[in-house]
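Below is a short briefing on one protein model.

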Amino acid sequence: MDQIDAVRTPASWVVVGLDNGGTCNNATVLDATGQFLVDRLVENPSRVQDGPESAVESLAEAFTGILAMTSTPLSLVRAVGLDTPGPASADGVISSKGSTNFSQVSWHGFDIRGALQARIGLPVIYHNDANAAALYAHHRHFGADAAKRSSVAAIVGTGLGGGVVESGKVISGAAGMAGELGHVQIPLHGVLEDGQPVPVCNCGFEGDVESIASLTGIAKNLLPYWFTRFPDHPLAAEPIASAAKMLRGYGEKEDPLALAVFAQQARAVGKLFTIAANFTDPAAYFLGGGVVEAAPHFRQWFLNTVREHTQLRREQQAAATFALVPDLDMAGARGAAVAALEAVSV
Ligand SMILES: [Zn+2]
């Protein structure tokens, strides 16, 4: 799926995938047969902090740049897939309250999908970044069977992003807010220690998945508690935000405090997947994010711990698989491209 298709004929067509991030855009090209023409990150500055006009221009530059790099004529492009961080509507209107990446007032309620479509004159299909990554994980894992399968993905990063895929398609929801798995509240029994305060999320919920299984959750909720249990830990002397970021390195070295924190995260994701098992009963449970970029023994331990705490019925255990989300840094652009390919294939 990654190799360059050297025998592409002039009659075939392509879609372009554009992943918009806080500092960079990442671009890819996917041809009509499902082959990616780019096997690495191809980035340009996203300029989102300069406001919508500059950012849309940067996306247009990413688009023309990736066509030039792959020697693809513009006339072969049928559609463009775009993903950005949320929150945004299902068709790419940034939240009226803005967000971390889209803080300028000119972004509030801005239709980034419509603006890019007008700028480049091709259909643009939109997903938020977690949904795009979930879609890519699904298609990469199931290949030709993707349209017949379902999956759920949890991406543990600064927050907890997610995606729900049914019959190969991302569930978007009426307001575009389906798959916001981070804000699903979970039973805390078996997750928290006796006497541990109930974690609170930035969204205002108590005890949702993101309040535990995210970098924010580590800094805000988990480390402040665990430092009371390990007062002499070297990270206790660090500012809490740095300590949270450094924790993964300690986890890889099997530091007891770090393992306690990451085990809580894995148990929380297991509780979430247990809810998913009773909701859409997916064929695959995907796990992505920073923790997956850790050393192989550590990420395997994390995935195993998630699996141990996902309560499946016997029939479900036989039918479901657990896997790490591959190519995470390219997953957004690739998932956006997959969505565009599907949109124009029918
Ligand atoms: Zn929340």
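Helices (H or I, at least four residues) and strands (E, at least two) are DSSP runs, numbered from the N terminus. On that basis, the protein has nine helices and ten strands. Its radius of gyration is 20 Å, close to the 20 Å that the globule rule gives for 346 residues, so the protein is as compact as a globular protein of that length. The radius is taken over C-alpha atoms, and the rule is 2.2 Å times the number of residues to the power 0.38.

This is a predicted model, in which local features need pLDDT of at least 70, side-chain atom pairs count only at pLDDT 80 or more, and totals for chains, interfaces and linings use all residues. Residues are numbered from 1 along each chain as its sequence is written, and side-chain values use heavy atoms, with hydrogens and water left out.

**Overall dimensions and surface**

- Along the principal axes, the C-alpha atoms fill a box of roughly 65 × 50 × 40 Å.
- The accessible surface (Shrake-Rupley method, 1.4 Å probe; for residues, only the protein chains shown count as cover) is about 14900 Å², and carbon and sulfur atoms account for 55% of it.
- Of the 346 residues, 53% are buried, meaning under 20% relative accessible area; exposed is over 50% and partly exposed lies in between (1.4 Å probe, protein chains only).

**Contacts and charges**

- Contact means heavy atoms within 4.5 Å; among contacts between residues at least 6 apart in sequence, 65% join residues at least 24 apart.
- Lys and Arg count as positive and Asp and Glu as negative, while His and the chain ends are not counted.
- Each charge is placed at NZ of Lys, CZ of Arg, CG of Asp or CD of Glu; the mean positions of the 23 positive and 34 negative charges are 4 Å apart.

- Two strands pair if DSSP finds at least two bridges between them; β1 (residues 14-20) and β2 pair in the antiparallel sense over seven bridges.
- These two strands form a hairpin with three residues between them, and Val16 has Val29 in β2 as its bridge partner.
- β2 also pairs with β3 (residues 43-45), in the antiparallel sense over three bridges; here Asn26 stands opposite Glu43 in β3.
- Seven of the eight residues of β2 (residues 24-31) are buried, so this strand is largely enclosed by the rest of the structure.

**Gln265**

- Gln265 lies in helix α6 (residues 256-279) and is buried, with a relative accessible area of 1%.
- Not counting residues up to four places away in sequence, Gln265 touches Val156, Ile212, Ala213, Ser214, Ile218, Leu222 and Phe302.
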